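Thanks for coming. I will keep this short and walk through one structure. Please have a look at it before I go on.

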Amino acid sequence: SPAVATTARILARLKDQPGPLLPVLHAVQHELGCIPAEAVQTIAEALNLSRAEVHGVITFYPHFRSEPAGRHTLEVCRAESCQAMGGEQLAAHARQALGCDFHASTRDGDFTLEPVYCLGLCAQSPAVMLDGQPHARVTPAKLDRLLHRARE
Ligand code: FES
């Protein structure tokens, strides 16, 4: 498969350097957008690791994903100032509205939900970022409108 071919090419380049696993995972995700199961298999074989070991590292770092990201990315601020201004309810609302948890994507692949730790909008908490655009004083109703608009 193309994913395996890409992974093999990355491994050929990086596998002989010390501590190759993280650089390999970063490169694979950069090129494929995620680290699919067949890449995990190829990486494990090349680096003499078990698939469980490779999988363990992927799940340990929130940066790595096993599935492709959604078309849109919603980042909800989980830092202190936003938490104090309803950020927790907003995070719960985002999870419920999208039907997925943080570090995951909606089933239709429309959205990926990620936490973010301060967007520099603390004076206008709570804040979110949708596809790189910051939004301040976000209520659940405002979030619904943003998601609706993004879906159109
Ligand atoms: Fe959320 Fe700063 S704490 S924007």
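Predicted model: local features only at pLDDT ≥ 70, side-chain atom pairs only at ≥ 80, totals over all residues.

What does Phe 64 belong to? Together with Phe 60 and Tyr 61, Phe 64 forms one aromatic cluster. A search of the whole structure gives two aromatic pairs. In one of them, the ring centres of Phe 60 and Tyr 61 are 5.0 Å apart and the planes stand at 85°, so this pair is edge-to-face. The rings of Tyr 61 and Phe 64 have centres 5.9 Å apart and planes at 80°, so that pair is edge-to-face too. Why do I quote two values for each pair? Because a pair of aromatic rings is described by the distance of the centres and the angle of the planes.

Phe 60 is exposed, at 62% relative accessible area. Tyr 61 is partly exposed, with a relative accessibility of 33%.

Now the chain as a whole. The protein chain has six helices and five strands. Read from the N terminus, the order of elements is α-α-α-α-β-α-β-β-β-β-α. The C-alpha atoms fill a box of roughly 50 × 30 × 25 Å along the principal axes. Of the 152 residues in the chain, 42% are buried. The accessible surface comes to about 8400 Å², and 54% of that belongs to carbon and sulfur atoms.

On contacts, take those between residues at least 6 apart in sequence: 59% of them join residues at least 24 apart. As for charge, there are 14 positive and 16 negative side chains, and the centres of the two sets lie 4 Å apart.

Next, the strands. In what order do the five strands lie in the sheet? The order is E2-E3-E1-E4-E5, in an open sheet with mixed pairing. At the edges are strand E2, residues 104-105, and strand E5, residues 133-135, and each of these pairs on one side only. As background, strands of a sheet pair through backbone hydrogen bonds, either parallel or antiparallel. E2 and strand E3, which covers residues 111-116, pair in the antiparallel sense over two bridges.

Arg 78 sits between strand E1, residues 72-77, and helix H5, residues 80-98. Is Arg 78 buried or exposed? Arg 78 is buried, with a relative accessible area of 16%. Which residues does Arg 78 touch, leaving aside neighbours within four places in sequence? The contacts are with Gln 83, Glu 88, Ala 91, Arg 95, Phe 102, Pro 115, Val 116 and Tyr 117.

Gln 41 lies in helix H3, which spans residues 37-47. Gln 41 counts as partly exposed, at 31% relative accessibility. Between Gln 41 and Ala 52 there are 11 residues of separation in sequence and 9.6 Å in space, C-alpha to C-alpha.

That is the end of my part.

Terms used
Residues numbered from 1 in each chain as written. Heavy atoms only, no water. Helix = DSSP H or I, 4+ residues; strand = E, 2+ residues; numbered from the N terminus. Buried < 20%, exposed > 50% of the residue type's maximum accessible area, 1.4 Å probe, protein only. Contact = heavy atoms within 4.5 Å. Areas by Shrake-Rupley, 256 points an atom, 1.4 Å probe, with all protein chains shown as cover. Lys, Arg positive; Asp, Glu negative; His and termini not counted. Charge placed at Lys NZ, Arg CZ, Asp CG, Glu CD. Phe/Tyr/Trp six-rings, centres within 6.5 Å; stacked < 30°, edge-to-face > 60°. Pairing = 2+ DSSP bridges.
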